Amino acid sequence: MTQINLIPAIASNPATAVTPATATAMQLEVALLIVECLNLEVTADQIAPDAPLYGEGLGLDSIDILEVALVVSKRYGFQLKTDSADNKHIFSSLQSLTDFIVAQRTR
Amino acid sequence: MPPILPLLPLVVHPSPDNIIAWCDDGSVTRQQFLADVNQLAASLLPGGHLLNACGDRYRFSVGLAAAIVAGKVSLLPPAHTTEMVRQLKTFAPDVFCLTDNDDCTLDMPQLRYPIMSANENTTFAVPQIDPNQLIAIVFTSGSTGEPSPHHKTWGALVSSVQAEASRLGLLDNALPCTLIGTVPSQHMYGFESTVLMAWQSGHALSHAQPFYPADICRALTNAQAPRILVSSPVHLRALMDAELAMPEIACVVSATAPLSLTLAQSIEARWQAPLIEIYGSTETGLIATRRATQNLQWELLPGIKLVVDGDNTYACGSHIVTQIVMNDIIEPLTAEFFLLHGRLSDLVNIAGKRHSLASLNYLLNTIPGVVDGVFYMPDENDARVISHASHASHASHTLRTSEVTRLAACVVAPGVTSAQLLAALREHIDVVFLPRPLLFVDVLPRNDTGKLPRAALQALFQPAQISRKSA
């Protein structure tokens, strides 16, 4: 069976075509945070930087996003808000979440 | 029951200048609210059924009132999945959607929430509604996979929320309060305890639908005191954990699942305010309350009775027209008090969303490539073991799973990937029911009679098994 379009790690997204093939150290740090906080069955390096976190892809739901937001706020010292930016965009991929954290962090 | 019941009782909303809601740009008076309702009612699409998808609670309330005035029925499904939208269209082919989201992708005729014109000159009378008018149909996931409709009349809803307001002490407050909800207006609890309760008790509602702790904090700050926070264990736990500076709250209301006593105690200590839990169901509306820090027993609302018949407990009386079976294990203590001992085994409830296990299993086994499969709801203690099994990290003590237990599933599906299976499930069920972990096995541990003993499933999801099988 070769329906690879369903597998997020291989999914290609033209909008993020410039994504490096391997995650940066900061992306790995955030990926590890997500995996630990949600007890996911994947390892941090299995989360592709450009794969969606919400819905299809990693399959996070709103309860998970709330958990991740709590851990992010404690680790990096800022609060996520629904209107602080396009919320869907922030959680659209590991890369965008990491970029947002880098821009907002106070520690 | 009186022949008509006002949308907003004059006894609690006596003046056109009474504040009905707090929005970002200030307060909305009764006069402006009725003008908005009037304008929207005139522009509704022809269909008799409305899917009110407005995220903003004030806009939802205007949409609901406009539908009532126009004699249309609001549909409140448990989720907006592709499959649910398809089923809603089968149920009510004339359904249309009211949305305040530019990116709304619901596949049905859409009406964008309009820009309202300011109205200061025309005076609008408070609409008077027939108690027998069908106002809303709330859906639960039925055991066959088809959603089950529950019909709500205006009279029954009013009776229910007035009893709630009375129990919460909201009918004799000298000061007008603001109700701030973290639960969606479309969920039966949010529907009754924010929108309808504000209308019927003379208090204002906050337009906000806050999500993150910082959002809740801002919505509280923007709302005029005294504040009543209408929330759920998931949001309250996140709010407590975030340790933000927060304004005073006069009362905290929680529903969807029982709170742990520890959380209840820390909430009351944090705000020096009572935490009142509400118990009910989509079918019955709310039927009982308790203040866990004082008494773990639930107290029925006036007029509601519990009837035990064999293994089942039924609720009846007051706003419950025909007796309804409760999906929980209930131990009546006296005519007014009872204890709750968890859910009956076929039902799962995750963060206020409910599903039948039989229906989830049925769906799982209809997915192409699935030979055999079963969902499994761990006991709360097992859930902690499962979720802490894969690692020993510093993050694991952040109270994860303390309020939410997740479903797991086990399948025999050679050649199907986890991603394919989850994508197929996502078409049919709300994401909160997606299994984690999802185990792939060669054969399910069925016994001689083909049944799956709970103990065998429990063993399957033991930590050692998980790390081996999902690797």
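Start with chain B, which is divided into domain 1 (5–344) and domain 2 (350–469), the bounds coming from an automatic or database domain assignment. This is a predicted model, in which local features need pLDDT of at least 70 and side-chain atom pairs count only at pLDDT 80 or more, while totals for chains, interfaces and linings use all residues. Residues are numbered from 1 along each chain as its sequence is written, and chains are lettered from A in the order in which they are written.

With both domains of chain B selected, their C-alpha centres lie 32 Å apart. Across the boundary, 22 residues of domain 1 of chain B are in contact with 18 residues of domain 2 of chain B (contact requires C-beta atoms, placed from the backbone, within 7 Å). Next, pick out α3 (82–91), β9 (134–141) and α7 (233–242) of chain B, the elements that each give two or more residues to the side of domain 1 touching domain 2; helices (H or I, at least four residues) and strands (E, at least two) are DSSP runs, numbered from the N terminus. The largest share of that side, 4 residues, comes from α7(B).

Now move to chain A and select helix α1 (residues 25–38) and helix α2 (residues 62–76), whose axes come within 10 Å and cross at roughly 125° (axes are lines fitted to C-alpha atoms, for helices over the stretch in contact, with angles from 0 to 180 degrees between N-to-C directions). Finally, display the side chains of A:L33, A:I34, A:C37 and A:L38 on α1(A), together with A:D64, A:E67, A:V68, A:V71 and A:R75 on α2(A), the residues that make the contact.

Terms used. Two residues are in contact if their C-beta atoms, placed from the backbone, lie within 7 Å.
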